[in-house]
Each structure stands twice: as structure tokens, then as C-alpha cells.
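This report concerns a single structural model and is intended to be read beside its sequence and coordinates.

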Amino acid sequence: MNIKFYKYHGTGNDFIIIDDRNTFFDHTNFKLIASLCKRSTGIGADGLILLRTHSKYDFEMLYFNSNGYISTMCGNGGRCIVHFASYLKIISSTTKFMAVDGIHEARIDNNIVSLKMQNVKNIIVEKNCYILDTGSPHYVKFVDDISNLNVREEGKAVRQQFSQGINVNFIEIKENILVRTYERGVEDETLSCGTGVVASALAIHYSKKSNNNSINIKTSGGDLNISFEVDAKNYSNIWLKGPAKMIFSGKYKC
């Protein structure tokens with residue numbers, strides 16, 4: 001079988017996207033998904049995304065980590081699939097689509113995609129660290145020297161403290177806001193994490209390190225903007241904005 005695929009990235013967070021409106025792809029075949037995502041012998045990606053039809057909304061997004069298993073929401077993946085839906089002419093400049101955590105709205109202007117995230121109501125503070133769910137669970141910690149931080153080792157140590165796993169974000173605030181993320185399912189640092197920078201932006205505001213309702217964040221893979229509204233520590237109207245790009249397309253022979 002030949003699988004037609006499209007390779008995308010959103011600020012370095014890279015994905016294999018498949019047009020599965022005919023539901024030909026076996027989404028339960030975690031070994032196949034993992035092999036497609038493997039960088040040494042497959043296409044290589046942080047995750048795989050299926051675009052499927054939906055009875056009520058423009059499309060449905062199914063996201064799988066590179067380990068082959070279906071996962072929680074991926075913010076950069078959500079932005080990339082919106083770009084892909086525009087490429088397929090399923091949508092024009094705006095859309096509503098279904099994902100694992102519910103309905104998302106999005107806007108696309110050339111290669112810039114803004115994705116509306118779910119509301120966040122519960123932020124837990126533990127030993128100057130912040131735990132919150134932005135579609136995926138995140139742990140946020142402020143650090144002083146992010147460039148010399150061993151994100152893989154320190155992130156893994158934190159991730160293993162949580163029975164269901166957690167994504168771990170490290171933030172340094174100087175002239176710019178820098179974020180590095182260890183992602184569960186990938187089990188390594190990724191160049192960027194959409195739900196992670198959203199969690200980081202909300203932690204920055206919640207900790208009163210910034211009073212701005214629009215926060216620019218630099219990741220290793222590029223720049224993202226997070227805007228939101230807040231009322232009594234409840235965050236709503238959260239938007240993740242940044243570039244999404246198709247890198248190449250091809251066929252994978254199974």
C-alpha cells in the first residue's frame with residue numbers, strides 16, 4: 001500500500017498529515033504510525049495527524065504522538081491542519097473543526113494561522129511551578145539559564161512523577177521570553193509546542209510576571225503569540241498565533 005502524505009511544521013514542531021476523508025488509514029495500527037514518524041527509517045515527525053470528515057464541522061483532527069498512540073490536543077498540529085484544510089480547499093479564511101478536546105475555531109492569512117484554544121480554569125501552583133491543562137497537561141517552571149539546561153533529562157524526571165505523563169516547559173524571561181518543552185509521547189525536547197507555549201503564557205500572567213494579555217514567546221523553532229482574556233483567574237478567548245508551512249509531500253510504501 002502506498003500512503004500519500006504531507007509533511008508540515010509549525011515553528012519546528014513537525015507533523016505527517018494525511019487526507020483521510022475516505023477513512024482508508026488504520027488509525028489503530030500504532031506500529032505503522034510509529035514507523036512513519038521514526039526519523040531514522042521513516043518519514044520522521046513529532047506526530048501524525050489525520051484529517052477526516054465531520055457531520056457538523058468543516059473537518060475532524062485526529063492526532064497521534066510519534067510513539068503511535070492517539071494523544072491529547074496539539075496546538076501547532078492544529079494550526080498545521082488548518083493550513084492543510086485551506087490547501088485542500090475545504091475551508092477559506094476561517095473554520096470550525098472538531099478535535100479530541102472539542103471544537104476549535106481558527107483563522108488563516110497566507111501562512112499565519114491563529115487557533116482558538118479551550119478555556120483554562122484551574123491552575124495549580126506547586127513549589128513555584130505551575131500545572132494546567134491547555135488541551136494537553138503541562139508543567140511550567142521558571143529557570144535562569146535556559147540555554148544550558150538539559151531539557152531532555154530534567155523534563156523526563158518531571159514527566160515520570162505523573163502517572164499519566166505530563167509535558168514539561170521551562171521559561172526564561174529576559175529581553176525576550178524563551179520557552180523549551182519536553183513532550184510526552186515524543187519523550188524528548190521538541191523545537192516548539194503549541195499547547196506548551198499557551199500554558200507558559202498563562203503561567204507568566206498568573207504569576208504576575210507580566211500583566212499583558214498578549215504575550216510573544218520564542219521557541220527553538222520560531223516565534224508564537226498568545227492572546228487571552230482573564231476574569232477572576234479564569235482564562236478565555238485564548239488564541240495561539242504563528243506560522244504553519246507545508247515542507248513537502250510524497251508517498252510512503254508500506
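The sections below pass from the overall fold to selected residues.

## Overall architecture

The model is predicted. The chain contains four helices and 17 strands. Its radius of gyration is 17 Å, close to the 18 Å that the globule rule gives for 254 residues, so the chain is as compact as a globular protein of that length. Taken along the principal axes, the box filled by the C-alpha atoms is roughly 50 × 35 × 30 Å.

Of the 254 residues in the chain, 54% are buried.

## Surface and charge

The chain exposes about 11800 Å², and carbon and sulfur atoms supply 44% of this area. With regard to charge, there are 30 positive and 25 negative side chains. The centres of these two sets lie 4 Å apart.

## Aromatic pairs

A pair of aromatic rings is described by the distance of the centres and the angle of the planes. Across the whole structure, a search finds 13 aromatic pairs. In the pair formed by Phe24 and Phe25, the ring centres are 6.4 Å apart and the planes stand at 85 degrees; since an angle over 60 degrees counts as edge-to-face, this pair is edge-to-face.

The two residues of that pair can also be described by their accessibility. Phe24 has a relative accessibility of 38% and therefore counts as partly exposed. Phe25, at 3%, counts as buried because its value is under 20%. Elsewhere, one aromatic cluster is formed by Tyr6, Tyr8, Phe84 and Tyr87.

## Gly242 in strand 16

Gly242 belongs to strand 16, which covers residues 234-243. With a relative accessible area of 5%, Gly242 is buried, because this value is under the 20% cut-off.

Which residues does Gly242 touch, not counting residues up to four places away in sequence? They are Arg79, Asn111, Ile112, Val113, Asp223 and Leu224.

Most residues other than glycine have a negative phi. Asn128 has a phi near 65 degrees, a positive value in a residue other than glycine. Asn128 is located in the loop between strand 8 (124-126) and strand 9 (129-133). The relative accessible area of Asn128 is 64%, so this residue is exposed.

Lys233 likewise has a positive phi, near 70 degrees, and is a residue other than glycine. The loop that holds Lys233 runs between strand 15 (222-231) and strand 16. Is Lys233 buried, partly exposed or exposed? At 36% relative accessibility, Lys233 counts as partly exposed, because the value falls between the cut-offs of 20% and 50%.

## Ser147 in a strand-to-helix loop

Ser147 is found in the loop between strand 10 (137-142) and helix 3 (151-159). Its relative accessible area of 58% is over 50%, so Ser147 is exposed. Ser147 and Glu172 are 25 residues apart in sequence, and their C-alpha atoms are 9.1 Å apart in space.

Note on methods. Residues are numbered from 1 along each chain as its sequence is written. This is a predicted model: local features need pLDDT of at least 70, side-chain atom pairs count only at pLDDT 80 or more; totals for chains, interfaces and linings use all residues. Side-chain values use heavy atoms; hydrogens and water are left out. Helices (H or I, at least four residues) and strands (E, at least two) are DSSP runs, numbered from the N terminus. The radius of gyration is taken over C-alpha atoms; the globule rule is 2.2 Å times the number of residues to the power 0.38. Buried means under 20% relative accessible area, exposed over 50%, partly exposed in between (1.4 Å probe, protein chains only). Accessible areas come from the Shrake-Rupley method with a 1.4 Å probe; for residues, only the protein chains shown count as cover. Lys and Arg count as positive and Asp and Glu as negative; His and the chain ends are not counted. The place of a charge is taken as NZ of Lys, CZ of Arg, CG of Asp or CD of Glu. Rings of Phe, Tyr and Trp (its six-membered ring) pair if their centres lie within 6.5 Å; planes under 30 degrees apart count as stacked, over 60 as edge-to-face and the rest as tilted. Contact means heavy atoms within 4.5 Å.
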